[in-house]
Amino acid sequence: GQQLNQSPQSMFIQEGEDVSMNCTSSSIFNTWLWYKQDPGEGPVLLIALYKAGELTSNGRLTAQFGITRKDSFLNISASIPSDVGIYFCAGQLNYGGSQGNLIFGKGTKLSVKP
Amino acid sequence: DTGVSQDPRHKITKRGQNVTFRCDPISEHNRLYWYRQTLGQGPEFLTYFQNEAQLEKSRLLSDRFSAERPKGSFSTLEIQRTEQGDSAMYLCASSFSGLAAYNEQFFGPGTRLTVL
């Protein structure tokens with residue numbers, strides 16, 4: 001199925017570092033969502049973005065909806081051990097008054113530096 | 001707990017058997033979605049309901065898959081004659097579709113299916 005290009009695929013963090021990841025698409029989306037998934041669990045919604053250019057924060061997390069509507073990024077500031085997990089971006093088309101399904105990236109896996 | 005719940009959390013079955021999963025959405029949510037997630041991938045859309053009506057199906061949803069939401073509350077996903085390729089995490093999500101265009105989907109913990 002169709003998926004977004006998410007990068008990096010994986011990264012190692014040291015506590016206190018800032019982290020950045022992004023998502024790009026060949027298609028325009030009306031909504032961008034960022035989720036975090038722990039092993040064996042479902043994705044948990046972190047941030048939702050609804051307007052091109054929008055910058056939204058949720059605690060140490062900041063996400064932006066790209067001006068072209070084809071990309072989004074997520075920043076995590078001052079990372080802590082519980083930030084470890086897999087982060088997914090998801091794009092959504094809303095059309096004709098109905099709300100479409102989510103298209104997901106392959107995820108960015110955050111691990112702690114050994 | 002007022003989140004999305006799914007049952008069972010894990011299911012192991014033999015190839016050729018039928019399996020059924022249940023999803024209970026957040027109570028005031030009128031939309032319910034099913035996704036499938038394989039190892040190393042993001043979730044992929046299967047189907048969704050608005051109230052009891054099934055409004056969209058992915059081409060991933062083969063004839064062996066059927067989903068229902070008979071009273072517009074909980075939903076079931078049945079897979080008939082399971083194949084090893086059906087092994088995956090099956091995720092359910094719900095959302096509220098009102099006058100606003102926003103549609104934040106909240107996921108359940110998933111059902112992990114293993115087909116031997």
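A disulfide is here a pair of cysteine sulfur atoms within 2.5 Å, and Cys23(B) and Cys92(B) form one, with their sulfur atoms 1.8 Å apart. The torsion about the S-S bond of Cys23(B) and Cys92(B) is about -65 degrees, so this disulfide is left-handed. The pair links distant parts of the chain, since Cys23(B) lies in strand β3 (residues 19-24) of chain B and Cys92(B) in strand β9 (residues 88-95) of chain B, 69 residues apart; strands (E, at least two residues) and helices (H or I, at least four) are DSSP runs, numbered from the N terminus. Both Cys23(B) and Cys92(B) are buried, where buried means under 20% relative accessible area, exposed means over 50%, and partly exposed lies in between, with a 1.4 Å probe and protein chains only.

This is a predicted model, in which local features need pLDDT of at least 70 and side-chain atom pairs count only at pLDDT 80 or more, while totals for chains, interfaces and linings use all residues. Residues are numbered from 1 along each chain as its sequence is written, chains are lettered from A and ligands numbered from 1 in the order in which they are written, and side-chain values use heavy atoms, with hydrogens and water left out.

Over all chains the structure holds 2 disulfides. In chain A, a disulfide joins Cys23(A) to Cys89(A), with an S to S distance of 1.7 Å. Because Cys23(A) lies in strand β3 (residues 19-24) of chain A and Cys89(A) in strand β9 (residues 85-95) of chain A, the pair ties together parts that are 66 residues apart in sequence. Cys23(A) is buried, as is Cys89(A).

Turning to the whole of chain A, the chain has 11 strands and 0 helices. Its radius of gyration is 14 Å, close to the 13 Å that the globule rule gives for 114 residues, so chain A is as compact as a globular protein of that length; the radius is taken over C-alpha atoms, and the rule is 2.2 Å times the number of residues to the power 0.38. Along its principal axes, the C-alpha trace of chain A spans about 50 × 30 × 20 Å.

Of the 114 residues in chain A, 46% are buried. Among contacts (heavy atoms within 4.5 Å) in chain A between residues at least 6 apart in sequence, 54% join residues at least 24 apart. Chain A exposes about 5,300 Å², of which carbon and sulfur atoms supply 53%; accessible areas come from the Shrake-Rupley method with a 1.4 Å probe, and for residues only the protein chains shown count as cover.
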